[in-house]
Amino acid sequence: MHIHILGICGTFMGGLAALAREAGHTVTGCDAGVYPPMSDQLRALGIELIEGYGVDQLALKPDVFVIGNVVSRARLANGTPKYPLMEAILDAGAPYTSGPQWLAEHVLAGRHVLAVAGTHGKTTTTSMLAWVLERAGLTPGFLVGGVPLNFGISARLGALASGQARPLFVIEADEYDTAFFDKRSKFVHYRPRTAVLNNLEFDHADIFDDLGQIERQFHHLLRTVPASGRVVVNDLEESLTRVLAQGCWSERRGFGSAVSDFRAEGDAGDFEVLQGGRGVGRVQWALSGTHNQLNALAAIAAAEHVGVTPAQACAALARFENVRRRMEVRGTVARAGGLITVYDDFAHHPTAMRTTIDGLRAQLDAAGRRADRILAAFEPRSNTMKLGTMKSQLPWALEHADRAFCHTGGLDWDAAAALAPLGERAQVAAGIDELVAQIDAAARPGDHVLCMSNGGFGGVHAKLLQRLSNR
């Protein structure tokens with residue numbers, strides 16, 4: 001079929017486009033304000049990208065329009081539709097569906113789906129799990145909300161492996177709503193046989209009023225897991241305990257706590273994995289942070305459900321290369337007395353920001369570089385952060401950064417006031433160039449500049465490296 005995707009450059013919809021193309025469908029799509037890595041990946045696949053949401057695209061007459069959840073019935077200040085193509089689709093009575101529904105019907109049907117849900121770490125854990133299955137020779141399909149460096153692509157169909165009753169498919173399972181016409185969480189479409197509940201706290205303040213509403217959506221996910229399935233759950237999370245209390249009809253495996261089925265002993269970069277109190281493998285890798293240790297345990301427990309031993313999983317994780325935009329070094333600048341290193345990280349929720357900063361600090365301390373400073377630059381870009389719902393958590397999130405720099409463009413709340421508890425350690429800037437100038441003025445040899453955003457951040461990494469080089 002020919003599918004035309006509205007919002008094609010989002011990480012989920014871009015991955016869906018790649019899967020559809022691999023399956024032999026004709027794929028076109030449109031979006032606005034695109035940025036790498038997804039735009040690069042789509043162009044490499046030869047998928048035609050159209051800028052904007054013009055009504056002229058109705059003339060393409062695809063078999064179905066696949067609608068991303070970026071699309072809405074919103075109107076601009078002058079009263080015209082923000083997404084005129086969507087209005088034309090509705091007026092014409094043209095066939096349309098959501099991305100998750102199209103994926104469920106045309107890709108996931110008949111497969112053993114391993115779904116990874118959680119507020120944080122979905123992309124990394126999904127990538128870990130796909131890599132573990134790949135190293136075990138199981139040729140999984142996957143759809144990840146990023147680009148795993150071990151694969152270099154965010155999605156593929158995979159194949160039926162010997163000894164498996166069904167082809168395996170690993171998917172990042174998002175609790176965000178499906179589309180403007182389907183307000184259920186995306187993950188209820190996926191029907192997993194293996195479901196990972198990695199963690200759960202309040203997020204997406206634009207669609208959820210409180211944590212209880214999100215817990216209810218996670219409960220709906222558990223309702224779709226068969227009795228022969230497995231639910232892998234983080235035992236450290238009280239919110240997930242409440243989710244399970246609402247009903248669980250499948251085999252359960254816990255990780256993380258002292259009494260869990262799977263737990264870890266040792267530092268985050270070198271630890272032993274215990275199952276039922278017995279050592280079953282060791283993970284030695286370059287990743288930092290307790291959060292990645294927990295992500296690893298989740299992947300190991302999920303992989304065991306499809307026949308991969310924990311020892312095999314640990315060996316695979318030793319070769320795991322992480323995901324693009326997860327503590328990715330974008331460049332270094334030599335200065336007399338040392339290097340200044342610039343990182344790119346996807347962290348956008350206060351907890352994720354703190355976890356990322358703490359992980360880098362632990363890594364530096366372990367390397368005997370306690371004197372190195374961390375300069376944290378961030379933009380509150382997610383819908384939740386734009387609303388200011390979590391602004392009071394920012395000082396806590398940035399507590400262990402030596403300096404903090406906030407891009408305030410587009411915010412209608414006072415970031416300077418929110419960051420006031422950090423005193424002179426925090427600065428704000430309305431524009432990217434101003435932010436870059438602030439960081440450049442503060443940076444000194446041995447510093448680590450950590451840029452955190454779930455968007456393109458105005459190309460801050462390249463601009464910063466250029467400015468630092470020119471000093």
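## Cysteines

A residue counts as buried when its relative accessible area is under 20%, and as exposed when that area is over 50%, with partly exposed in between. C9 has a relative accessible area of 13%, so C9 is buried. C248, with a relative accessible area of 29%, is partly exposed. The model is predicted.

How many disulfides are there? The count is 0. C9 takes part in none: the nearest cysteine sulfur belongs to C30 and is 9.3 Å away.

## The open sheet

Five strands form an open sheet with parallel pairing, in the order β3-β2-β1-β4-β5. β3 (48-51) and β5 (96-98) are the edge strands. Each has a single partner strand, so one side of each lacks a neighbour in the sheet. From one strand to the next, the twist averages 25°.

Strand β4 (residues 64-67) runs parallel to β5 and is joined to β5 by 3 bridges. I67 has S98 of β5 as its bridge partner. Helix α1 (residues 11-22) packs on the sheet and touches β1 (2-6), β2 (26-31) and β4. The direction of α1 makes about 170° with that of β1. Helix α4 also packs on the sheet, touching β1, β4 and β5. The direction of α4 makes about 90° with that of β5.

## Helix α4

α4 spans residues 99-108. Of its 10 residues, 7 are buried, so the helix is largely enclosed by the rest of the structure. The buried residues include W102, L103, V107 and L108.

At the start of α4, a side-chain oxygen of S98 comes within 3.1 Å of the backbone nitrogen of Q101. Just after the helix, G110 has a positive phi of about 85°.

## Salt bridges

The whole structure holds 19 salt bridges. In one of them, E134 pairs with R156, with the closest N and O atoms 2.4 Å apart. E134 sits in helix α5 (residues 122-135) and R156 in strand β8 (residues 155-156), so the pair ties together parts 22 residues apart in sequence. R156 is buried at 16% relative accessibility, whereas E134 is partly exposed at 27%.

E251 and R230 also form a salt bridge, at 2.6 Å from N to O. E251 lies in strand β14 (residues 251-255) and R230 in strand β13 (residues 230-234), so this pair ties together parts 21 residues apart in sequence. R230 is buried, with a relative accessible area of 5%. E251 is partly exposed, at 30%.

Salt bridges with shared partners join R230, E251, R253 and E304 into one network.

Conventions. Residues are numbered from 1 along each chain as its sequence is written. This is a predicted model: local features need pLDDT of at least 70, side-chain atom pairs count only at pLDDT 80 or more; totals for chains, interfaces and linings use all residues. Side-chain values use heavy atoms; hydrogens and water are left out. Buried means under 20% relative accessible area, exposed over 50%, partly exposed in between (1.4 Å probe, protein chains only). Helices (H or I, at least four residues) and strands (E, at least two) are DSSP runs, numbered from the N terminus. A polar contact is a pair of N or O atoms within 3.5 Å; within protein, one must be able to donate a hydrogen and the other to accept it, and residues adjacent in sequence count only if both atoms are side-chain atoms. A disulfide is a pair of cysteine sulfur atoms within 2.5 Å. Two strands pair if DSSP finds at least two bridges between them. Axes are lines fitted to C-alpha atoms, for helices over the stretch in contact, and angles run from 0 to 180 degrees between N-to-C directions. Contact means heavy atoms within 4.5 Å. A salt bridge is a side-chain nitrogen of Lys or Arg within 4 Å of a carboxyl oxygen of Asp or Glu.
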